[in-house]
Amino acid sequence: MSAAYILIWGCMLLFGCSSICALLWAIRTGQMTGSQEGANSIFDAAEPIGKPTDAFPGAKR
Amino acid sequence: MSVTATEINAAAPDPEGYVNERVDLLTRVQIDRSCRQTVVWYYASAVVWLLLGSVFAMLSSIKMHNPDFLANYEWLTFGRVRPVHLNLVGYGWSSMAAVGTLLWLQARLCKVRLPFRRVLPVTCVIWNLTVFAGMIAILAGYSQGIEWLEFPPQALGSFAFIFVILLATSLKMFAERKVKHTYVSQWYLFAAVIWFPILYSIAVVSMQLPSVTGAAKATINWWFGHNTLGLWVTPVAIATSYFMIPKVIGKPIHSYHISLLGFWSLALFYNWAGTHHLVGGPLPAWIITVGIVGSMMMLIPVTTLAINHHLTMIGSFHMLKTSPTLRFVVFGSMVYTLVSAQGCFEALRSISRVAHFTHYTVAHAHLGLYGFFSMIMFGAYYYILPRLTRNEWSSAPLIKVHFWTAAGGVILYFAALTWAGWYQGEMMNNANIPFIQTVEYTRPYLIARSVGGMLMSIAHICFAILVWRILRTKPVSQFHGPTLLANPQSEAGLAS
């Protein structure tokens, strides 16, 4: 029984540590700065900000 | 295809902008083309499992208020059809839709073509065979008897192989990414594709250990069961909503900082929450308390997502009328806030004292996996499939029927079982009330649940018809609508 708990808590700590490592990597590589740039990264020249990209079929643009 | 000088001159006075636009369009079309086979296979398979899962859902639901229904066939008894329903919608529909969406989103966000295009469709075939074999095993009476882990342990081999390929695919795309910034959706996608195989492997292996019995088995069971929802399907759905909402309305996320805070708080707290399923159970009190604390901490990511999506949508709510994707994804996101907030408080001992082991929990679970996750996946299908097939959805009215029957069905289901479950709990806590009275009280609500299930099944049939039609129609022959919006003619030319 205790082995099972060690397994679970060990795994939970592993997940927590992996999150912290990823967070540290993100901070070190500048992923947490320039938030507006990050938010805009899904847009490009073909689908710029301000351009809706979905509508029901048959609807007028 | 290259951009010619004539085309550039025709697009004056902004030739540079024109070139950029064409390059971006070409890149996008190439990425979609690279994803086509794999994602379409995963998506089509998911729809088949959704339909089959709905059949077993209806069987289970009817048996709850008419226990004699098909009771003469042992393979159709409640103890078998109910786990089959759970596993088909969990590992068939939800997981396969999640994988399709995950691969497409990673390719789009990294702006690279999908790698391993020969192996990935094979993983889809293996996944289908595994779910099919698992279904037969449960129906034949070889269930493991552990919720969410009913498939025989041999399924681990298949899923481990598949997830090694999926992880390698994600990492390869990330390593070769053309966009330096890691968009918030990618954090969620990586969390899902890295953590789920670890969770599944540990759960399956530990269940086979002779030392894991009784309460320890239940602890691992619910640590895994809850994390399957929280660290596998939830991240994929949130990643989808963080991409789809801004992309469809053409407006960046309101606060990107808050979105990152939401991810890191989910990453740190969610995996602590599973033991709240064992409130009142024969476990050390501190283990359950840790689960309750982890659950309450989930209010942070839930609140951040709710605030962010609401503020992003302000000024664009009118587009819910015009965009099928937005309609489904916003519905799912709103339900995420509701169901997660409900889940946080449901973990408290005072609430669990009444709600635990009643229909209340069943209502909560369905609101999560259907009202939140499945609705967002439907939205993802409406956005992604036209781009992969270079085709238009065949019928706007049918999409609307799909939405309203799905939404109406899940709301009816949730309302009926929440009400019935709460009173069921109150009545069961009262020693003066005979148990049969509790059963009789809930029966009308169980019938209402079957009606809700029927509505959702109708929604799935409409959805399957739409998916069947879009896959069967020849590409680029039916651009009569603006789902694709970005100049379908030129997109068609680039894709050909």
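## Ground rules

The model is predicted, so local features need pLDDT of at least 70 and side-chain atom pairs count only at pLDDT 80 or more, while totals for chains, interfaces and linings use all residues. Residues are numbered from 1 along each chain as its sequence is written, and chains are lettered from A and ligands numbered from 1 in the order in which they are written.

## Chain A and what it touches

Chain A has two helices and zero strands; here helices (H or I, at least four residues) and strands (E, at least two) are DSSP runs, numbered from the N terminus. Its radius of gyration is 22 Å, whereas a compact globule of 61 residues would come out near 10 Å. That radius is taken over C-alpha atoms, and the globule rule is 2.2 Å times the number of residues to the power 0.38. The C-alpha atoms of chain A fill a box of roughly 65 × 35 × 10 Å along the principal axes. Of its 61 residues, 28% are buried. Buried is 20 or more other C-beta atoms within 10 Å of a residue's own, exposed is 12 or fewer, and partly exposed is in between, with C-beta atoms placed from the backbone.

As for the partner, 38 residues of chain A are in contact with 53 residues of chain B, contact being C-beta atoms, placed from the backbone, within 7 Å. Helix 1 (2-28) and helix 2 (35-40) of chain A each supply at least two residues of the side that touches chain B, and helix 1 gives the most, with eleven residues. By class, that side of chain A has 21 nonpolar, eleven polar and six charged residues. Nonpolar covers Ala, Val, Leu, Ile, Met, Phe, Trp, Tyr, Cys and Pro, charged covers Asp, Glu, Lys and Arg, and the others, Gly among them, are polar.

## Chain B overall

Chain B has 16 helices and zero strands. Its radius of gyration is 23 Å, close to the 23 Å that the globule rule gives for 496 residues, so chain B is as compact as a globular protein of that length. The C-alpha trace of chain B spans about 85 × 45 × 40 Å along its principal axes.

Buried residues make up 52% of the 496 residues in chain B. Among its contacts with a separation of 6 or more, 84% join residues 24 or more positions apart.

## Helix 4 of chain B

Helix 4 (residues 119-139) of chain B has 21 residues, and at 1.5 Å a residue it should span 30 Å, which agrees with end C-alpha atoms 30 Å apart. The expected span is 1.5 Å times one less than the number of residues. Its buried residues include B:Leu120, B:Trp127, B:Val131 and B:Ile138. Down the axis of helix 4 of chain B, the buried residues fall within an arc of 130 degrees, so they line one face of the helix; the arc is that of the directions from the helix axis to the C-beta atoms.

What covers those buried residues includes helix 2 (15-65), helix 3 (78-110) and helix 5 (155-175) of chain B. The face turned away carries the exposed residues B:Val125, B:Leu129 and B:Ile136. After helix 4 of chain B comes B:Gly141, with a positive phi near 100 degrees.

## Two phenylalanines with positive phi

B:Phe116 isn't a glycine, yet its phi is positive, about 50 degrees. B:Phe116 sits in the loop between helix 3 and helix 4 of chain B, and is partly exposed, with 17 other C-beta atoms within 10 Å.

B:Phe357 also has a positive phi, near 65 degrees. B:Phe357 lies in the loop between helix 12 (349-355) and helix 13 (359-389) of chain B.

Technical notes. Contact = placed C-beta atoms within 7 Å.
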